[in-house]
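Have the sequence and the model open as you read.

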Amino acid sequence: MKFSDTLIARLRQASSVCVLTGAGISAESGVPTFRGEDGLWKKFKPEELANFDAFIRNPDLVWEWYAYRRRLIHEVKPNPGHYALAELEQRLRDFTLVTQNVDNLHRRAGSRRIFELHGNIERSYCIECRTFVSDLKLDELKTAPRCEKCGGLIRPDVVWFGELLPADAFAEAESASTRCDVFLSVGTSAVVYPAASLAYMALEHGAYVVVINPERTDLSFHAQETVLGKAGEILPMLVHALQKQPEGEL
Ligand code: BJW
Ligand code: ZN
């Protein structure tokens, strides 16, 4: 893979880099994406299950979907794409990783400065009294669990459609997107807002915006470059290319 000279130069000169990741970065670990051909949640559209009304209508079904995904996530490992981003963080003074994923794989790969925009599947809380629970035994239940304190329904601590993103995490993401020199959008269809708006903020503030995805996304029409390919292959090659001596320099 030969990256453009501009991309390599921009990354080498960058004093600030922001990366936004989506489900695609975990695809090579075996976690299905939400949309598209490889989206294994084809049976249900994310909009149908990932919302509060669906949970109230059918808590057992929604709980089962999350319990299944939690089990799957515990069985899989980070892939070379996750590790490459952790390595990139080590090399840069101002590096921010913003993820829409709830699967913890970035943290398990060693990334430190991570902002999770859509929550974390490992945590759950009571919709009535807001008490947090992280008891894995709940996943063995066939029905949505109830709070020990008040009997309220327990839901995963993730952000569903129509819900606000965690304000602190989004503020950090916004700040990183507007100050970065290079913004990488990795493995996301870039259709879910406000996460998708971060790349446009970066563009408005003069960043070099690059999409890394096996197919072009909505953002590709606006980004300076789209590098077509799998995150687990492209990202390690990109980090490697940055390490190589620039041509003409000894
Ligand atoms: C690879 C690969 C490989 C494959 N390597 N790549 C109309 C217009 C604009 C906005 C709206 C609108 N109507 C409503 C809205 C707002 C709404 C929204 O954006 N909807 C759009 C879908 C239309 N947004 C919200 O509601 C958000 N909140 C909000 O706006 O609050 C304000 C508000 C409050 C009250 C009322 C109204 C507004 C909240 C959004 C929450 C999203 N939640 C989910 C579930 C999280 C929990 C869980 O995991 O279950 O987040 S939905 C799902 O989509 C999940 C993801 O994080 C998110 C994004 O998906 P992602 O990551 O991009 O995955 P995919 O599958 O779409 O794409 C994967 C990509 O990877 C593909 O491109 C593949 O090609 C690629 N790929 N293999 C690299 N190996
Ligand atoms: Zn409760």
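In the second largest cavity, the lining residues split into two nonpolar, four polar and three charged. Here Ala, Val, Leu, Ile, Met, Phe, Trp, Tyr, Cys and Pro are nonpolar, Asp, Glu, Lys and Arg are charged, and the others, Gly among them, are polar. The model is predicted, with local features needing pLDDT of at least 70 and side-chain atom pairs pLDDT 80 or more, while totals for chains, interfaces and linings use all residues. Residues are numbered from 1 along each chain as written, chains are lettered from A and ligands numbered from 1 in written order, and side-chain values use heavy atoms, without hydrogens or water.

Searching the whole structure gives two cavities of 30 Å³ or more. A cavity is a set of points on a 1 Å grid over the protein atoms alone where a 1.4 Å probe fits but cannot get out, and its lining residues have an atom within 4 Å of a point. Points join across faces, edges and corners, and the volume is the space filled by probe spheres set on them.

| Cavity | Volume |
|---|---|
| Largest | about 50 Å³ |

Ten residues line the largest cavity, and R70, E122, S124, S134 and D135 are the closest to its centre. Both α5 (59–75) and β4 (119–126) give two or more residues to this lining; helices (H or I, at least four residues) and strands (E, at least two) are DSSP runs numbered from the N terminus. The largest cavity's lining has four nonpolar, two polar and four charged residues.

Around the second largest cavity sit T99, N101, D103, N104, L105, H106, R107, I114 and E116. There, α7 (105–109) and β3 (114–116) supply at least two lining residues each, and α7 has the largest share, with three.

Technical notes
1 Å grid on protein atoms, 1.4 Å probe; cavity = no way out; pocket = protein on both sides within 12 Å on 5 of 7 lines; lining within 4 Å.
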